[in-house]
Amino acid sequence: MLAPSTAARPATRPAPARLPAGGFSLIAFIAATATGAVAHAQQAAPDQVAPTVTVIGTTPLPGIGLPAEKVPANVQTVEGKAVEDQQSLTIADYMAQNMTGVNVNDTQNNPFQPNVNFRGFTASPLLGTPQGLSVYQDGVRINEPFGDVVSWDLIPVNALADMSLIPGSNPLFGLNTLGGAISLQTKRGYTHRGGAAELSGGSWERYNLQAEYGGVAANGVDYFIAGNYFDEEGWRDASPSEVRQVFGQLGWRNDATDLSLTLSLADNDLIGNGLVQEEFLRVQGRDSINTKPDQTRNELAFLNFNGSHWLDDNTMLSGNVYYRNVRTRTLNGDANDDIDPDDPGFDLADCVAGADEDDAEISCSGALNRSKSTRTGYGATGQINFNQDLWGHQNLFIVGLGYDRSRTDFEQATEFGTINAGRGVDGIGVFGDEGEVELRGINRTWSLFATDTFSFDDVYHLTLSGRYNHTRVENRDQLIPDPSNPESLTGDHSFHRFNPAIGLAITPREDLSFYASYNEASRAPTAIELGCANPDQPCKLPNAMAGDPPLDMVVSKTFEGGVRGRVANGIGYSVSLYRTQNTDDIQFIAANSTGAGYFDNVGKTRREGVDLGVNGEMGKFRWFAGYSYVKATYQSRFAIANEVNSSAVDTDSDGEGDTIFVGKGDTIPGIPRHQLKVRGEWQALPQWTIGANIVAFSDQYSHGNENNDHQGAGGKVSGYTVVNVDTRFNFGNTGWQLFAKVNNLFDREYHTGGMLGETFFEADGTFMGGDDEFSALVAPGAPRAVWVGVRYEFDKPARR
């Protein structure tokens, strides 16, 4: 990826030429113990073109990097131009189509709210999803402090300069890097001069307007601004969304110093109506939904200052300071089978006059679950980089420290309601006390990290790294503040650990390198997990919490090895084998079929597999192919309360199954074992390019079938293959471009995930009067869609 903006400085040693990746190529065969970075490490004379040097950054911050062949991991990188050319709506959209080892579960069925899985680890916007990937924007971790969730809609895709996907449990990327990290760098005026405006529209009444402009003022100050407006009705019933994003950058630099201030703003309204009964799809059509609404409103203000300064030709100071505020409001209309006339907040007469309890189950059979949270965070990280010989051998040493603090104010309440003919929920003004929560959570994390790469000679390069994290989580229950009350959420929790890493790179030739590594990372339980960890008092996320036992920190350990290189005709290849084992993995355990449950440490889980990649060019045709084998399994035995799995055992002697037993070796749901991705791009004419993506995934187990023993419908989700095409036509040097994109070209019907559950409706949508029965719930894939658009670029510098 392109390096974070740092001051140009004469290189003390020559670095290798940049590996040709191609605009669409997704595995740049560069590797890193941390984020990949392509930097211009030499400053050109006025009439010369600066040589491009491949340099790898080893931490999220800008710093002195390493030549690519010295680092022991395989990082997938992509420039923002490739995302633009494929008209990807989000970075998650691009990753799902192009990056090896990545699959997506569209649990919410909103394009801005996917679950992104990499090697069996997840980054998701949904509370309750086990999180295992860290995400960084310009050196700041943007996993939300409340659940480590990732809000993809808050990332301005048209301000993206480049992106890297870093595999493994890299400790230098801090907490939550159990299976990998995603590092994003945004545009700035020095590197992205000129402007562009773009308008597109098409299927589902989707309209998207983007604009950007960057430049450098006469006084050396550079600036960049971008805006994005998105609006659509959605392809499913009652699923409109609106996204508004603004990004700005202001900076200055000279030969020794580089300063940059960025501001990200967003105000988004997302509707994602989630999983649906499979029988609905057969009877009512692919656009049918379960209940409504399912609304999320996100507001963002994110200010980030990055700076670096060269003390001399071999030593650099770098760091950042940030402030981030996110406000989220949710409104979920759900069927409700938990009506309790003994609830002190429930008045039977408010449901229906003169009703008995059976009538109440009908008239109050719905629930409007509301929540709101405000997350405010700030922090700073600094490091010093030494690129100096040690005992006559090349050596790079980096040491740094960081501090992050966040406060979350969370409130939630449940209003009883009635289900109307359209399966919406109409509130009746009666609120239940049982689900009411007001919680304040404060997270503080101190970190100290270091990494050193020592070259024994031109062939062998050893890297040692480590990071110490100390995290303190303070929960304060605003309703029941007394910690001695067993129902109070008030409590203090501390977690600390040192995570090491070691790697060896062997470079016998410039076009061939081998690597092997071992690394560890950890994740501290968040306020939401610590507030929902009692199996005797299950929660409906994000709709209830109770006083809970403590959870243990999750620890991951990864072994990885591989080879990468290039052969004749410029064909590049890579092979990576890995094995990651988590200890004390945190899972959300369903306590019953309504979605209630609790967080718990379930022992050990394992992800192991292989990633294969190859790319090349043949005349005017460029191509990439990647295959991944991901085996994700539980490695400990444990029991889960489950009423809908056919193998459930009756443990309370009531004649109905209520518990399943997960065994060692059972496959983790939601992760297909095999996946194949192919991208081809043909330059039909000098100004006309046609591209296509083929993605294929094998079947996967549904959630609720963690023991893999469910018999009957819904136990697995079938595999699928989808073809997408895109094209763009440039009108000479006028700056005008016409583009089009077709998703799901052959209109394939498929599902990206599933869950065993229950339904309160007949297949035709008729409410069953408070009764329920088993149903296989699925996340349907979107049907064929077509969008066309026009782009105009102006004031762009001439390309050499």
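How many bridges join β17 to strand β41, and do the two run parallel or antiparallel? In this predicted model, two bridges link β17 with β41 (residues 773–780), and the strands run antiparallel. The protein chain has an average pLDDT of 86, and 85% of the residues score at least 70.

**Sheet β17-β41-β40**
- Three strands form an open sheet in the order β17-β41-β40, and their pairing is antiparallel.
- β17 (276–277) and β40 (751–759) are the edge strands; each has a single partner strand, so one side of each lacks a neighbour in the sheet.
- Within the pairing of β17 and β41, V276 lies opposite V778 of β41.

**Strand β10 and its partners**
- Strand β10 spans residues 160–167, and eight of its eight residues are buried, so the rest of the structure largely encloses this strand.
- β10 pairs with strand β4 (residues 76–79) in the antiparallel sense, over four bridges.
- In β10, M163 is the residue opposite V78.
- β10 is also joined to strand β11 (residues 180–186) by seven bridges, again antiparallel.
- D162 has Q185 of β11 as its bridge partner.

**Confidence**
- Residues 1–53 have pLDDT below 50, and the model gives this stretch 179 contacts beyond near neighbours in sequence.
- Over residues 541–549 the pLDDT stays under 50, and the model has 49 contacts for them beyond four places in sequence.
- Where pLDDT is low, predicted coordinates should not be read in detail.

How values were computed: Residues numbered from 1 in each chain as written. Predicted model: local features only at pLDDT ≥ 70, side-chain atom pairs only at ≥ 80, totals over all residues. Heavy atoms only, no water. Pairing = 2+ DSSP bridges. Buried < 20%, exposed > 50% of the residue type's maximum accessible area, 1.4 Å probe, protein only. pLDDT = per-residue confidence, 0-100. Contact = heavy atoms within 4.5 Å.
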